[in-house]
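Here is a briefing on a protein model with DNA. It covers the DNA surface and the pockets.

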Amino acid sequence: MDLTTRIRRRQRSGDDSQLVLDYDAISPVAHLREPTGRGSVLERLLDYVDPVFDDRLPRNAYVWGPPGTGKSAVVTALFARLGRLRSLSGSVIHTSTRGGTGVTPDLVSVDARHADSDFGLYRAILDAVLEEFVPEHGVSTETLHARLSEYLAPYDRRILVALDHVGEPDARRLVELASALDTVPDSLSWVAVGRASPSTLPEAVRPPDRIEVPAYREHALVDILTARASAGLARRAVEHEQLRQIASWADGNAHDALSALFAAAHAADSAGASRVRERDLWDGMNAVPRPSVSLGRVLALPDSRQQVLRRLVTLGEEGTSVSAAADAIAGSPAVDLSAGTVQRLIYELANDGIVERVASDRSNGAGRPPSRLEPQFPTAVFRQLYDIQPSSIAEA
DNA sequence: GATCCACGGGAATACACGGATG
DNA sequence: CATCCGTGTATTCCCGTGGATC
């Protein structure tokens with residue numbers, strides 16, 4: 001057990017109940033080292049990356065499928081594992097900028113939600129590939145581009161980049177990413193991970209290799225829930241039949257299923273129960289809006305946005321309108337933003353679909369009626385995950 | 001001095017309503 | 001009765017500024 005896990009366990013409130021042993025294990029945003037139930041997808045991905053074993057570079061590719069199907073999980077796990085295997089084999093000093101003898105392609109994962117400019121994209125790749133620190137300020141996009149090109153220039157240097165979450169609501173679109181990568185030497189390939197069907201991609205960026213990741217079958221989802229529950233919950237905390245209910249309700253979406261399990265377990269735990277009761281199960285499923293914005297996306301938002309959301313989900317009466325919510329949030333000592341900025345952020349979040357503005361039914365005369373705010377993600381799960389983030393441990 | 005980015009602030013625009021107008 | 005107008009909010013849009021850094 002690592003330190004973070006230990007700290008998290010200690011952080012649990014209410015020491016008596018031992019229902020949830022490890023929130024991380026049942027977290028919808030944590031990816032397991034061994035993804036469950038995605039064997040055939042994994043096989044296809046292995047076929048795709050096969051050239052890497054011969055120190056060659058695969059072509060561009062596109063992995064796609066609906067939300068909550070483990071696309072990211074599989075690709076992330078594969079890249080991590082390959083990177084680890086390679087460094088174990090010791091045949092390549094891939095992180096060294098000095099060596100120059102490396103021939104195995106570098107494997108880099110980039111979250112398109114973070115690399116939201118050409119600058120960010122180049123920086124993310126360089127940062128993964130170079131040992132030295134890559135500046136975040138004070139240097140032009142052009143400079144980073146040149147550095148990347150320079151890195152790739154030697155004949156035997158190659159990079160395979162996984163572009164995760166491509167084209168999702170607040171990530172860049174593949175077209176933009178691809179064209180940014182088009183201008184570097186072609187000893188760089190990418191494998192994009194997204195939701196949209198390849199037929200919706202412009203022909204110019206539609207890669208030759210495509211791997212579809214279909215929704216989970218119900219029994220596969222039950223397996224996933226079972227594995228997670230046994231890793232993170234006390235023995236017998238939840239019954240097989242309850243997991244089956246969640247799986248059936250989640251309709252193939254692992255994110256939603258795990259969120260419901262998480263929320264149910266948390267509800268039971270904080271009520272001091274030793275097992276998930278029917279009402280907890282019910283609460284858990286009700287805690288997840290359908291469709292739900294993925295928590296991975298919420299937790300990938302810039303800090304200021306997450307702070308705003310964290311306060312927003314605990315507002316009561318003060319949250320009845322955008323401006324009232326903004327005032328209340330800006331007034332919180334934990335938030336260091338002006339009310340105007342908070343308000344703008346809320347509107348931005350609403351535009352991105354992370355919260356929904358609902359037209360108020362009652363109008364009291366003058367002016368345009370304010371709208372109510374409804375988060376489109378599992379708020380209970382978000383609160384818990386946000387509060388146990390390492391950063392908040394540091395602050396505490 | 002240059003660079004990127006997040007903030008902040010405010011102008012411009014959209015909308016809802018009641019009342020006035022033709 | 002159908003439209004237009006004025007007023008008061010809500011929402012969107014835009015851009016300058018300053019921090020942090022090289």
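Predicted model: local features only at pLDDT ≥ 70, side-chain atom pairs only at ≥ 80, totals over all residues.

Residues are numbered from 1 along each chain as its sequence is written, chains are lettered from A and ligands numbered from 1 in the order written, and side-chain values use heavy atoms, without hydrogens and water.

**DNA strand B**
- Around DNA strand B sit 18 residues, each with a heavy atom within 4 Å of it; Ser117, Gly138, Thr141, Thr341 and Arg368 are the closest.
- A backbone N or O atom of Gly138 lies 2.8 Å from a base oxygen of DNA strand B.
- An N or O atom in the Arg305 side chain lies 3.4 Å from a phosphate oxygen of DNA strand B.
- Helix 13 (303–312) and helix 15 (339–351) each supply at least two residues of this surface.

**Largest pocket**
- Its volume is about 730 Å³.
- Of its 36 lining residues, Pro28, Val29, Ala30, His31 and Ser72 are the closest to its centre.

**Second largest pocket**
- The second largest pocket holds about 450 Å³ of space.
- His31, Ser72, Thr76, Ala77 and Ala80 are the closest to its centre among 20 lining residues.
- Helix 4 gives the largest share of this lining, eight residues.

**Pocket terms**
- A pocket is an open set of points on a 1 Å grid over the protein atoms alone, where a 1.4 Å probe fits, with protein on both sides within 12 Å along at least five of seven lines; lining residues have an atom within 4 Å of a point.
- A volume is the space filled by probe spheres set on the points, which are joined across faces, edges and corners.
- Helices are DSSP runs (H or I, at least four residues), numbered from the N terminus.

Conventions
Polar contact = N/O pair within 3.5 Å; in protein donor to acceptor, adjacent residues only side chain to side chain.
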